[in-house]
Amino acid sequence: MDISFFSGAVTFICCVFAAAAAFLTRRSKSKSDGGEDSCNLNGGDMVEKIPVMVVAEKQTGASMMEQLVPEITTHALSYLDYPSLCRLSMTNSLMRKAANDDNAWKALYHKDFTLEQDAVTPINGWKAYYAATRAIMNVNADFFKIIKERSVPAMERFWLNADYVKCFHASEEYSTGYNSVIGSWQLAFNWEQNVDVEIRDVKARVMTDSAWVTMKAYLNMGSGNVTNVFEFHNGRWYIVHHHCSVMLIHGGAGQQVVQG
């Protein structure tokens, strides 16, 4: 079996021991502050505490993972990235249960994407919401690859073929309807050469069959704000709305009109 299947589990176990040690340290400190039950744990005492959990496992039949308080497990999982959590879920049933914990995926979402969604309650849980957000982020990145490559056929496949699609270029030109939008990109690609696009501060909001992404775009010497709106049709995401503000030249008060 591929050793990568076990890498997530190994990483997680290391995190569990680290989190357990931190928890024991905090508990020791709180007892010490209380006075009556005070005990000054040094490094050797802390190491001895962990094997006690193994003894308890033999006596009760419960695994060490099952005896850990949820806060320790969630804290340990917070150290893992997306691939590690996926590998962890493929090791055994216990690891799969830990890796599918909704709080773990919520923490990972906030670490990888944005804290703005803290009040959101995803219908299918945070794991599914994380996967959907990652998917729309990848689709959004593909949009800028098409701009960089100036590929009209790729842009034709990327947009939903509908009358209500809209596109606002940085040149302040406005197009509505599929044919008009694609025609505007063809003109833009013919006009602008050697486009180097970089996007930052990307934030997404994903619904059941729609999503929007906001970001800051840096194009050659200019920068502007961009909003892309997507709809889900027949198993894939299509862009239906693109709005790019007029690009401002860095270091100057003037404006640079560019396609985007």
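**View 1. Salt bridges found across the whole structure.** A search of the whole structure finds three salt bridges, a salt bridge being a side-chain nitrogen of Lys or Arg within 4 Å of a carboxyl oxygen of Asp or Glu. This is a predicted model, in which local features need pLDDT of at least 70 and side-chain atom pairs count only at pLDDT 80 or more, while totals for chains, interfaces and linings use all residues. Residues are numbered from 1 along each chain as its sequence is written, and side-chain values use heavy atoms, with hydrogens and water left out.

**View 2. The salt bridge between Arg134 and Asp112.** The closest N and O atoms of Arg134 and Asp112 are 3.9 Å apart. This pair links distant parts of the chain, with Arg134 in helix H8 (residues 125–149) and Asp112 in helix H7 (residues 102–112), 22 residues apart; helices (H or I, at least four residues) and strands (E, at least two) are DSSP runs, numbered from the N terminus. Arg134 has a relative accessible area of 28% and is partly exposed, and Asp112, at 35% relative accessibility, also counts as partly exposed. In these terms buried means under 20% relative accessible area, exposed means over 50%, and partly exposed lies in between (1.4 Å probe, protein chains only).

**View 3. The packing of helices H7 and H8.** H7 and H8 pack at an angle of about 30°, with their axes 7 Å apart, where axes are lines fitted to C-alpha atoms, for helices over the stretch in contact, and angles run from 0 to 180 degrees between N-to-C directions. The two helices, H7 and H8, are therefore roughly parallel to each other, since angles under 35 degrees count as roughly parallel, over 145 as roughly antiparallel, 65 to 115 as roughly perpendicular and the rest as oblique. The contact (heavy atoms within 4.5 Å) is made by residues including Trp105, Leu108, Tyr109 and Asp112 of H7 and Trp126, Tyr129, Tyr130 and Arg134 of H8.

View 4. The side chains of Asp142 and Lys145 meet in a salt bridge, with a distance of 3.9 Å from N to O.

**View 5. The salt bridge between Glu198 and Arg200.** The side chains of Glu198 and Arg200 meet at 3.1 Å, N to O. Glu198 counts as partly exposed at 40% relative accessibility, and for Arg200 the relative accessibility is likewise 40%, so that Arg200 counts as partly exposed.

**View 6. Strands E4, E5 and E6.** Strand E4 (residues 210–219) and strand E5 (residues 222–233) pair in the antiparallel sense over ten bridges, two strands being paired if DSSP finds at least two bridges between them. Ser210 has Glu231 in E5 as its bridge partner. Strand E5 is also joined to strand E6 (residues 236–244) by eight bridges, and these two strands run antiparallel, with His233 standing opposite Arg236 in E6. The hairpin of E5 and E6 has two residues between the strands, and in this hairpin Asn234 takes a positive phi near 50°.
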